[in-house]
Amino acid sequence: GKTSLARILAKAVNCEKRAPAQISATQKLQSGKGEPCNKCAACRMITEGRALDVLEIDAASHRGIDTVRETIIETAKFAPNLLRAKVFIIDEVHMLTPEAWNALLKIMEEPPAHVIFVLATTEAHKVPATILSRCQRFDFHRIRADNIVERLAYIAKEERVNVKLEVLAHIARIADGGLRDSESILEQ
(Lines give C-alpha, C1' and ligand atoms only; values in the text may rest on other atoms or scores of the structure.)
Protein backbone atom coordinates (compact mmCIF):
# COMPACT_ATOMS: atom_id res chain seq x y z
CA GLY A 1 0.00 0.00 0.00
CA LYS A 2 2.87 2.43 0.66
CA THR A 3 4.25 2.51 -2.86
CA SER A 4 0.77 2.35 -4.39
CA LEU A 5 -0.14 5.50 -2.47
CA ALA A 6 3.15 7.10 -3.52
CA ARG A 7 2.28 6.45 -7.18
CA ILE A 8 -1.16 8.00 -6.63
CA LEU A 9 0.55 11.06 -5.15
CA ALA A 10 2.85 11.21 -8.19
CA LYS A 11 -0.22 11.17 -10.43
CA ALA A 12 -1.97 13.82 -8.32
CA VAL A 13 0.87 16.31 -8.66
CA ASN A 14 1.40 15.61 -12.36
CA CYS A 15 -2.16 15.13 -13.65
CA GLU A 16 -2.84 17.36 -16.65
CA LYS A 17 -6.61 17.57 -16.06
CA ARG A 18 -6.95 18.52 -12.39
CA ALA A 19 -5.56 22.04 -12.11
CA PRO A 20 -4.16 24.72 -14.40
CA ALA A 21 -0.66 24.05 -15.71
CA GLN A 22 0.63 27.36 -14.37
CA ILE A 23 0.31 26.36 -10.69
CA SER A 24 2.99 24.27 -9.05
CA ALA A 25 2.59 20.67 -7.88
CA THR A 26 2.63 21.83 -4.24
CA GLN A 27 -0.07 24.43 -4.90
CA LYS A 28 -2.19 21.73 -6.55
CA LEU A 29 -2.09 19.57 -3.45
CA GLN A 30 -2.80 22.50 -1.15
CA SER A 31 -5.74 23.67 -3.28
CA GLY A 32 -7.49 20.30 -3.05
CA LYS A 33 -7.52 20.05 -6.84
CA GLY A 34 -5.02 17.24 -6.96
CA GLU A 35 -7.28 14.23 -7.56
CA PRO A 36 -5.76 12.42 -10.57
CA CYS A 37 -8.00 11.78 -13.58
CA ASN A 38 -6.26 8.48 -14.49
CA LYS A 39 -6.94 9.30 -18.16
CA CYS A 40 -4.44 11.96 -19.24
CA ALA A 41 -1.03 11.05 -20.67
CA ALA A 42 0.75 11.80 -17.37
CA CYS A 43 -1.58 9.58 -15.31
CA ARG A 44 -1.36 6.75 -17.84
CA MET A 45 2.45 6.91 -17.98
CA ILE A 46 2.71 6.71 -14.20
CA THR A 47 0.15 3.89 -13.95
CA GLU A 48 1.98 1.90 -16.64
CA GLY A 49 5.39 2.51 -15.02
CA ARG A 50 6.69 4.42 -18.07
CA ALA A 51 7.16 7.85 -16.46
CA LEU A 52 10.85 8.73 -16.48
CA ASP A 53 10.17 11.49 -13.96
CA VAL A 54 8.84 9.07 -11.33
CA LEU A 55 11.77 7.13 -9.93
CA GLU A 56 11.21 4.21 -7.59
CA ILE A 57 14.20 3.14 -5.54
CA ASP A 58 14.27 0.05 -3.34
CA ALA A 59 16.51 1.08 -0.46
CA ALA A 60 16.63 -2.50 0.81
CA SER A 61 18.84 -3.45 -2.15
CA HIS A 62 20.18 0.00 -3.15
CA ARG A 63 21.11 1.45 0.20
CA GLY A 64 24.48 3.09 -0.22
CA ILE A 65 25.77 6.58 -0.77
CA ASP A 66 26.44 5.89 -4.47
CA THR A 67 22.74 5.24 -5.09
CA VAL A 68 21.78 8.48 -3.36
CA ARG A 69 24.44 10.49 -5.19
CA GLU A 70 23.99 9.01 -8.66
CA THR A 71 20.29 8.20 -8.72
CA ILE A 72 18.83 10.97 -6.61
CA ILE A 73 21.12 13.99 -6.27
CA GLU A 74 22.40 13.98 -9.85
CA THR A 75 18.96 13.30 -11.34
CA ALA A 76 17.18 15.86 -9.14
CA LYS A 77 19.32 18.67 -10.54
CA PHE A 78 17.59 18.46 -13.92
CA ALA A 79 14.07 19.61 -14.70
CA PRO A 80 11.44 16.92 -15.29
CA ASN A 81 11.54 15.31 -18.72
CA LEU A 82 7.79 15.19 -19.52
CA LEU A 83 5.93 15.73 -16.26
CA ARG A 84 5.53 18.82 -14.07
CA ALA A 85 7.35 17.34 -11.08
CA LYS A 86 9.97 14.68 -10.49
CA VAL A 87 8.88 12.26 -7.79
CA PHE A 88 11.43 10.07 -6.01
CA ILE A 89 9.76 7.14 -4.25
CA ILE A 90 12.25 5.55 -1.86
CA ASP A 91 10.79 2.32 -0.52
CA GLU A 92 12.16 0.69 2.63
CA VAL A 93 14.01 3.97 3.25
CA HIS A 94 14.98 2.86 6.77
CA MET A 95 17.58 0.56 5.15
CA LEU A 96 19.81 3.40 3.91
CA THR A 97 23.36 3.53 5.30
CA PRO A 98 24.41 6.44 7.56
CA GLU A 99 26.46 7.89 4.68
CA ALA A 100 23.47 7.67 2.34
CA TRP A 101 21.28 9.45 4.93
CA ASN A 102 23.79 12.29 5.12
CA ALA A 103 23.83 12.66 1.33
CA LEU A 104 20.02 12.56 1.18
CA LEU A 105 19.79 15.17 3.94
CA LYS A 106 21.78 17.63 1.83
CA ILE A 107 19.24 17.64 -1.01
CA MET A 108 16.25 17.47 1.33
CA GLU A 109 17.42 20.64 3.10
CA GLU A 110 17.03 22.65 -0.11
CA PRO A 111 15.29 20.53 -2.74
CA PRO A 112 14.76 21.89 -6.24
CA ALA A 113 11.22 23.26 -6.68
CA HIS A 114 10.37 20.52 -9.19
CA VAL A 115 11.26 17.60 -6.85
CA ILE A 116 9.10 15.67 -4.39
CA PHE A 117 10.46 12.91 -2.16
CA VAL A 118 8.25 10.11 -0.85
CA LEU A 119 9.99 8.10 1.84
CA ALA A 120 8.15 4.83 2.49
CA THR A 121 8.92 2.57 5.43
CA THR A 122 7.36 0.28 7.99
CA GLU A 123 10.05 1.28 10.49
CA ALA A 124 9.83 5.07 10.84
CA HIS A 125 11.73 4.92 14.14
CA LYS A 126 14.87 4.06 12.12
CA VAL A 127 14.67 7.26 10.05
CA PRO A 128 17.03 9.93 11.43
CA ALA A 129 15.38 12.86 13.21
CA THR A 130 17.15 15.27 10.85
CA ILE A 131 15.26 13.68 7.94
CA LEU A 132 11.94 13.33 9.78
CA SER A 133 11.98 17.02 10.69
CA ARG A 134 11.85 17.85 6.98
CA CYS A 135 8.92 15.56 6.17
CA GLN A 136 5.18 15.40 6.42
CA ARG A 137 4.46 12.09 8.09
CA PHE A 138 1.48 9.85 7.40
CA ASP A 139 1.10 6.67 9.43
CA PHE A 140 -1.04 3.93 7.93
CA HIS A 141 -3.10 1.59 10.07
CA ARG A 142 -4.81 -1.71 9.51
CA ILE A 143 -8.23 -1.53 7.89
CA ARG A 144 -11.24 -2.38 10.07
CA ALA A 145 -12.82 -5.78 9.40
CA ASP A 146 -16.24 -4.28 8.55
CA ASN A 147 -14.64 -2.08 5.88
CA ILE A 148 -12.89 -5.10 4.41
CA VAL A 149 -16.15 -7.08 4.37
CA GLU A 150 -17.85 -4.18 2.60
CA ARG A 151 -15.13 -4.04 -0.07
CA LEU A 152 -15.13 -7.82 -0.56
CA ALA A 153 -18.93 -7.81 -0.91
CA TYR A 154 -18.62 -5.13 -3.59
CA ILE A 155 -15.98 -7.16 -5.47
CA ALA A 156 -18.07 -10.33 -5.25
CA LYS A 157 -21.12 -8.46 -6.56
CA GLU A 158 -19.15 -6.95 -9.47
CA GLU A 159 -17.77 -10.40 -10.34
CA ARG A 160 -21.27 -11.92 -10.04
CA VAL A 161 -20.12 -14.38 -7.39
CA ASN A 162 -22.35 -15.36 -4.46
CA VAL A 163 -20.39 -15.40 -1.20
CA LYS A 164 -22.01 -15.62 2.21
CA LEU A 165 -21.43 -12.71 4.57
CA GLU A 166 -20.00 -15.12 7.18
CA VAL A 167 -17.33 -16.20 4.68
CA LEU A 168 -16.40 -12.59 3.93
CA ALA A 169 -16.18 -11.85 7.66
CA HIS A 170 -13.92 -14.89 8.13
CA ILE A 171 -11.67 -13.71 5.28
CA ALA A 172 -11.48 -10.25 6.87
CA ARG A 173 -10.41 -11.77 10.20
CA ILE A 174 -7.74 -13.92 8.55
CA ALA A 175 -6.40 -10.94 6.57
CA ASP A 176 -5.85 -9.05 9.86
CA GLY A 177 -6.46 -5.59 8.44
CA GLY A 178 -4.76 -6.12 5.09
CA LEU A 179 -7.03 -5.38 2.14
CA ARG A 180 -4.61 -6.81 -0.42
CA ASP A 181 -4.39 -10.04 1.57
CA SER A 182 -8.17 -10.27 1.88
CA GLU A 183 -8.62 -9.77 -1.86
CA SER A 184 -6.07 -12.51 -2.56
CA ILE A 185 -7.88 -14.89 -0.21
CA LEU A 186 -11.22 -14.06 -1.84
CA GLU A 187 -9.73 -14.72 -5.26
CA GLN A 188 -8.54 -18.16 -4.13
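Helices (H or I, at least four residues) and strands (E, at least two) are DSSP runs, numbered from the N terminus. With that in hand, let us walk through the structure. This is a predicted model, in which local features need pLDDT of at least 70 and side-chain atom pairs count only at pLDDT 80 or more, while totals for chains, interfaces and linings use all residues. Residues are numbered from 1 along each chain as its sequence is written, and side-chain values use heavy atoms, with hydrogens and water left out.

We can start with the whole chain. The protein chain has nine helices and three strands, and from the N terminus on the elements run α-α-α-β-α-β-α-β-α-α-α-α. Its C-alpha trace spans about 55 × 40 × 25 Å along the principal axes. Of the 188 residues, 38% count as buried; buried means under 20% relative accessible area, exposed means over 50%, and partly exposed lies in between (1.4 Å probe, protein chains only). Contact means heavy atoms within 4.5 Å. Among contacts between residues at least 6 apart in sequence, 69% join residues at least 24 apart.

Now let us look inside. A nonpolar core is a set of buried Ala, Val, Leu, Ile, Met, Phe, Trp, Tyr and Cys residues joined through side-chain atoms within 4.5 Å. The largest such core has 22 residues, of which Val 68, Ile 72, Phe 88, Leu 96, Leu 104 and Phe 117 touch the most other members. Two or more residues come from each of β1 (54-58), α4 (65-76), β2, α5 and β3 (115-120), and α5 gives the most, with seven residues. Apart from this core lies another, of 18 residues, including Val 13, Cys 43, Leu 83 and Ile 89.

The next stop is the loop between β2 (86-91) and α5 (98-109), where His 94 lies. His 94 counts as buried because its relative accessible area is 9%. Beyond its neighbours within four places in sequence, His 94 is in contact with Trp 101, Thr 121, Thr 122, Glu 123 and Lys 126. The side chains of His 94 and Thr 121 are joined by a polar contact of 2.6 Å; such a contact is a pair of N or O atoms within 3.5 Å, where within protein one must be able to donate a hydrogen and the other to accept it, and residues adjacent in sequence count only if both atoms are side-chain atoms. Glu 92 is also placed in the loop between β2 and α5, and has a positive phi near 55° although Glu 92 is not a glycine.

Further along, Ala 124 sits in the loop between β3 and α6. Its relative accessibility is 16%, so Ala 124 counts as buried. Not counting residues up to four places away in sequence, Ala 124 touches Leu 132 and Arg 137. Ala 124 and Arg 137 are 13 residues apart in sequence, and their C-alpha atoms are 9.3 Å apart in space.

Finally, visit Asn 38, found in the loop between α2 (25-31) and α3 (41-47). Asn 38 has a positive phi of about 65° although it is not a glycine, and it counts as partly exposed because its relative accessibility is 43%.
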